Every structure is written in C-alpha cells, then in structure tokens.
Amino acid sequence: MLQRLYEQHKLVTYPRTDSRYLTSDMVPTLPDRLKSIAVGPYAPLAKPLLAKALRITKRIVDDSKVTDHHAIIPTEQPVQLNALNHEERRLYDLIVKRFLALFYPACRYDETRLIMTASGETFHAAGRVMKDSGWKEIYGMDITGADDSEDEADAAAHETFNQLLPELTQGQRLKIGRCLIREDRTKPPARFTEATLLTQMEKHHLGTPATRADIIEKLLSTDTIERQGNRLVPTGKGKQLIELVSDELRSPEMTANWERELENIARKKGDSKRFMQEIRELTIRLVQEVKSSNADYKPHNLTHAHCPDCGEPLLEVKTKRGKRLVCRNRECGYSRAAEPVMINRRCPQCHKKMELHNGKAGKYAQCRLCNVIEKLDDSAKGKFSRRRESQLARQYSDNVALGTNLGEALKAALAKQREDRGQN
C-alpha cells in the first residue's frame with residue numbers, strides 16, 4: 001500500500017527507510033507540502049500552520065541522523081482523496097497527521113502525584129489536568145483519554161492519570177471513605193502481532209525496513225511460526241529449533257551487533273576483513289558444535305500413517321494447496337493430500353460422492369458411508385483416460401452396427417422412388 005502511495009499516486013516520499021528525520025535542504029519545500037495536504041479534513045489543521053512561519057527544530061531536521069533516505073512525509077503532489085481505496089486512505093491519514101503534528105506546539109498538562117499513609121501502609125495516586133492539547137489536537141484526543149497515536153506505554157500511563165484530583169496541599173489529612181482488598185493476578189505479556197513484532201525488530205536492529213516483513217513471512221512459510229488470529233505463535237518445530245541451536249544463534253543481540261557492524265563498514269568506520277574473519281571463525285565453531293552434539297530433532301508433525309512405497313511414517317505439511325502427507329524419507333518422494341479427494345463417481349448404494357484413494361493395487365474409489373470400494377482406471381480423478389475412451393469406442397463400434405436400421409430404411413425409400421419413376 002505504501003509503495004502504491006509512493007509510485008502510483010506519488011503522494012508520499014520513498015517508503016523503504018527507517019529514518020525519523022529530514023534534511024536541511026528540504027526545509028524550503030515544507031510549506032508547499034502543507035499546501036498540498038490542506039484539503040478535506042486536513043484543511044482546518046494545516047491552514048493555521050501556513051499563516052505563520054514554521055517552527056523547525058532539531059527534532060525535525062537533523063542531517064547527521066539521516067543515512068540513505070529521510071523520513072516518510074507527504075509530497076507536493078495535489079491530493080485527490082477519493083482516488084485512494086480504503087486501506088490507502090487510512091495509511092495516508094497516518095502519514096499526514098504525523099507530518100502536521102511536527103509543527104504543532106507541545107501538549108501541556110498539570111500532573112499531580114500523591115503519597116499517602118494509612119495504618120502504616122503507603123498508597124500512591126496520580127492525576128492529570130489538560131491545559132493545552134497542542135499536537136494532540138491533530139488526533140482529536142479526548143481531554144483525559146488516550147488517542148490512536150499513542151503506543152501501549154502511553155495508553156497505560158493514561159489509565160493512571162485520567163482521574164481528576166481536587167486541590168491538595170502538603171500534609172493535608174484526608175478521610176477514608178471505604179477500604180477494599182482485592183486479590184488479582186498479573187497477566188503474562190501478550191503474544192506478538194505482526195505490528196508489535198516489527199516494532200521489536202526495529203528496536204533490536206534486526207533486519208532493515210525492506211527485509212523485516214520478508215523475515216516474518218519466511219518463518220511462516222517454513223512452519224517455524226504460525227498465525228492464530230492476529231497473533232504469531234511458535235510451532236512445535238520452532239520450539240525445538242530454539243532448544244537445539246546454540247545460545248549465540250538464538251540471541252537477537254548477535255544479529256543486532258552484525259547489523260551495526262555492517263552499518264559502520266558502509267560508513268567506512270569498520271574493518272570489513274576483520275568482520276568477515278570473525279564470521280568464518282564463528283561458523284566453523286558452531287558447525288563443530290552441531291557435529292559433536294547428541295541432540296536430535298523429532299518431527300512435530302509426524303502422523304500415524306505410513307508411506308505405501310517404503311513404509312516410513314508420513315509427515316503432515318502445510319502447502320498453498322492445503323495440507324499434504326509427505327514421506328519422511330526424502331529419497332522416496334511420496335506425497336498425497338492429507339484429506340481425501342472427493343470425485344464425481346457415485347456410490348451404487350447411497351449415490352453419494354466417493355473418495356479417491358491410492359493403494360498398492362492402484363487407485364480406487366471408496367464410499368465413506370457404505371464402505372463400498374470400486375477399482376478405478378489409471379486416471380487420477382477417477383475418470384476414463386483418452387486411451388480407454390478410444391478402446392471403448394472401437395469395442396462398441398465393432399460389436400454393434402450403429403445406424404443399420406437407418407441405412408436399410410434409406411435403401412427401401414430409394415428403391416420405392418425408383419419403382420415409382422419406372423411406372424411413370
């Protein structure tokens with residue numbers, strides 16, 4: 001979607017970047033970018049900024065913190081919001097609002113924290129009173145509530161500070177209205193979604209903006225993790241791999257160190273020869289550890305079915321065409337659908353569609369209800385092959401004189417016609 005906004009609609013700048021800053025040469029273009037987005041719901045938010053000089057600070061423009069590409073912002077291209085589909089519109093809305101918020105003033109509020117004692121116990125309370133919503137006006141934030149732009153930490157802080165407190169003074173005595181003791185349990189951290197996992201990958205310098213999503217997809221395609229709703233959960237294969245590999249390989253810090261070293265090399269601040277030598281030494285050591293290890297991988301997707309060719313257990317594998325049963329012996333290569341394939345052949349008793357199976361004697365159709373079994377020809381779908389059709393056509397054409405009665409009737413009609421002509 002971001003690529004389409006950049007390439008097709010030309011409404012945003014280059015998308016494959018993790019930079020959060022702009023370069024100084026872009027400052028003269030910022031007013032024109034604000035004019036281009038001053039349409040529709042963004043007009044009342046952008047026009048106050050155009051009426052005065054923009055506040056440019058180091059939080060926005062910093063050449064030292066821009067590497068290959070600057071942050072993603074709107075272009076000077078005139079916007080036609082109705083030309084965007086629903087998802088493109090939502091993504092463009094995020095970019096525009098963040099861009100507008102850069103030039104709005106700070107959000108200001110009064111915050112009160114209390115420390116109280118009662119019967120030897122210490123209690124804490126906090127409250128917040130909004131004075132100037134500032135940049136949060138862009139997101140239509142409620143006076144006391146959180147807005148969509150905030151992360152989980154900000155949202156949790158709002159839960160603490162969204163209560164209003166009266167005017168208080170140091171040492172003031174308060175009356176306790178009632179006291180309740182409630183037992184509760186802390187919940188473990190929630191599973192990662194793709195969005196939260198991408199955030200953590202960025203935080204730990206794992207991958208680049210162009211490769212992080214592909215890394216997740218590769219883990220999904222290799223059955224290392226799987227989707228359960230919108231959550232990402234490790235599979236049995238993934239859990240075993242984590243236990244089998246060395247501590248270094250499963251540590252995100254090692255990959256992050258590699259990424260930082262590669263960045264230093266790209267900036268000519270690192271030693272590429274030393275880096276590659278360390279990688280070679282690490283690879284040799286890890287391979288030796290694997291060879292000397294007694295740990296064994298046990299397939300998590302092993303089934304009770306056995307290969308009809310070699311007798312090895314079958315593995316259940318997810319493919320784009322559904323689940324399949326694959327022989328554990330890679331040299332065998334046997335594979336079939338995990339679920340029976342329904343064919344158009346009908347059971348002679350209940351007239352329901354039959355299932356296609358492959359046995360030692362060849363393919364056969366079986367009724368799930370009546371258990372009736374019928375042997376099939378060599379067609380994978382239970383249909384006649386072209387060769388068999390030709391054989392049947394020749395067989396019946398040789399044994400049955402098709403059209404004989406019609407031929408005799410024509411001969412009789414011609415003979416009668418000749419006879420009538422002779423009489424005339």
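The model is predicted, so to speak of local features a pLDDT of at least 70 is needed, and side-chain atom pairs count only at pLDDT 80 or more, while totals for chains, interfaces and linings use all residues. Residues are numbered from 1 along each chain as its sequence is written, and side-chain values use heavy atoms, with hydrogens and water left out.

Let's start with the helices (DSSP runs of H or I, at least four residues, numbered from the N terminus, as are strands, runs of E with at least two). Buried here means under 20% relative accessible area, with a 1.4 Å probe and protein chains only.

| Helix | Residues | Buried residues |
|---|---|---|
| H2 | 30–37 | Leu30, Arg33, Leu34, Ser36, Ile37 |
| H9 | 252–266 | Met254, Ala256, Glu261 |

The buried residues of H2 line one face of the helix, because they fall within an arc of 160° seen down its axis; the arc is taken from the directions from the helix axis to the C-beta atoms. They pack against helix H3 (43–50) and helix H4 (86–101), where contact means heavy atoms within 4.5 Å.

Helix H10 (272–292) is included in what covers them. Just after H9, Lys268 takes a positive phi of about 60°.

Now for the strands. S11 (residues 362–366) and S12 (residues 373–375) pair in the antiparallel sense over three bridges; pairing requires that DSSP finds at least two bridges. Gln366 stands opposite Ile373 in S12. Six residues lie between the two strands of this hairpin, and Asn371 in the turn has a positive phi of about 65°.

How values were computed
Buried means under 20% relative accessible area, exposed over 50%, partly exposed in between (1.4 Å probe, protein chains only). The expected span of a helix is 1.5 Å times one less than its number of residues.
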